[in-house]
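This report looks at how the parts of one protein model pack together. Look over the sequence and the structure first, then read on.

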Amino acid sequence: MRRQDKLVIAAAIAVNGMTGACLAPALAQAPTVNASTPVQAEEVVKALSDPSIVSAGERSFIKCQACHMVGEKAQRRVGPPLNGVVGRAAGLSDGFAYSAGMQATAKNGLVWTVEKLDAYLQAPREVVPATSMGFVGIPKPDERKALIAYLASFADNGSRVETATK
Ligand code: HEC
């Protein structure tokens with residue numbers, strides 16, 4: 001169930017004094033996919049060869065652009081450049097001053113697998129306590145999938161991975 005649906009139902013209970021019995025049909029009809037559905041690595045691999053998903057990821061990256069760059073001319077902004085970040089260990093961008101929280105989590109072995117990246121993009125502080133990334137998170141799994149596919153389309157040197165540009 002989506003968070004909004006839960007809130008709507010909670011509000012209905014508060015306003016109408018709905019009981020569990022009349023709530024049951026509403027729950028049965030609620031969509032089973034919820035905001036915490038994790039994005040799977042295979043989905044990202046598939047998405048990477050689908051230009052429509054990669055470009056949806058590019059549009060979503062607008063949310064990141066105030067702080068991050070990708071591509072051959074990528075530089076540090078408020079956040080580190082993100083070329084080649086998918087699959088790499090955390091906290092490795094040369095010369096970027098990571099937070100103590102990120103440094104500690106990186107030291108404990110955090111690697112940006114699809115799974116970890118997905119969780120970080122949904123709720124940064126749940127993956128890296130006290131991270132300095134001031135970002136609310138992306139609740140929609142499809143949007144995170146597209147965004148991760150877009151990020152995965154950039155090699156370490158900022159060139160595009162071939163499958164994504166076909
Ligand atoms: C307000 C600025 C800001 C926004 C917006 C933002 N980030 Fe960040 N991001 C940061 C900062 C700062 C860090 C370093 C965090 C730390 O050291 O704790 C970071 C770190 C990261 C890292 C880890 C990089 C590494 O080298 O380990 C990833 C991945 C990342 N951001 C992805 C994203 C994506 C994708 C978006 C858009 C959905 C986004 N960020 C939005 C500021 C931002």
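## Core, helices and ligand shell

The largest nonpolar core has 28 residues, and the members that touch the most others are Val 44, Val 86, Ile 148, Ala 149 and Leu 151. At least two residues of this core come from each of α3 (41–48), α4 (51–60), α6 and α8 (141–152). The largest share belongs to α8, with 7 residues. The model described here is predicted. As a general background, nonpolar side chains in soluble globular proteins tend to be buried together.

Apart from neighbours within four places in sequence, Val 86 is in contact with Trp 112, Val 114, Leu 117, Ile 148, Leu 151 and Ala 152.

Next comes a pair of helices. Two packed helices are described by the angle between their axes and the distance between the axes. The axes of α3 and α8 come within 9 Å and cross at roughly 65°. This crossing of α3 and α8 is right-handed. The residues that make the contact are listed below.

| Helix | Residues in the contact |
|---|---|
| α3 | Glu 43, Val 44, Ala 47, Leu 48 |
| α8 | Lys 145, Ala 146, Ile 148, Ala 149, Ala 152 |

The residues of this contact divide into 7 nonpolar, no polar and 2 charged.

Which residues of α6 are buried? They are Val 114, Leu 117, Asp 118, Tyr 120, Leu 121 and Gln 122. The buried residues of α6 pack against α3, α7 (124–127) and α8.

Helix α7 contains Val 127. Is Val 127 buried or exposed? Val 127 is buried, because 21 other C-beta atoms lie within 10 Å, and the cut-off for a buried residue is 20 or more. Not counting residues up to four places away in sequence, Val 127 touches Lys 116, Ala 119 and Tyr 120. Val 127 and Leu 110 are 17 residues apart in sequence, and their C-alpha atoms are 9.0 Å apart in space.

The last topic is the ligand. There are 29 residues around the ligand, and those that come nearest are Cys 64, Cys 67, Gly 79, Ser 99 and Met 102. Both α5 (100–107) and α6 (114–122) supply at least two residues of this shell. By type, the shell residues divide into 19 nonpolar, 9 polar and 1 charged.

How values were computed:
Residues are numbered from 1 along each chain as its sequence is written. This is a predicted model: local features need pLDDT of at least 70, side-chain atom pairs count only at pLDDT 80 or more; totals for chains, interfaces and linings use all residues. A residue is near a molecule or strand if its C-beta atom, placed from the backbone, lies within 6 Å of it. Helices (H or I, at least four residues) and strands (E, at least two) are DSSP runs, numbered from the N terminus. Ala, Val, Leu, Ile, Met, Phe, Trp, Tyr, Cys and Pro count as nonpolar, Asp, Glu, Lys and Arg as charged, and the others, Gly among them, as polar. A nonpolar core is a set of buried Ala, Val, Leu, Ile, Met, Phe, Trp, Tyr and Cys residues joined through C-beta atoms within 7 Å. A residue is buried if 20 or more other C-beta atoms lie within 10 Å of its own, exposed if 12 or fewer, and partly exposed in between; C-beta atoms are placed from the backbone. Two residues are in contact if their C-beta atoms, placed from the backbone, lie within 7 Å. Axes are lines fitted to C-alpha atoms, for helices over the stretch in contact, and angles run from 0 to 180 degrees between N-to-C directions. A crossing is left-handed if the near helix is turned anticlockwise from the far one by less than a right angle, and right-handed if clockwise.
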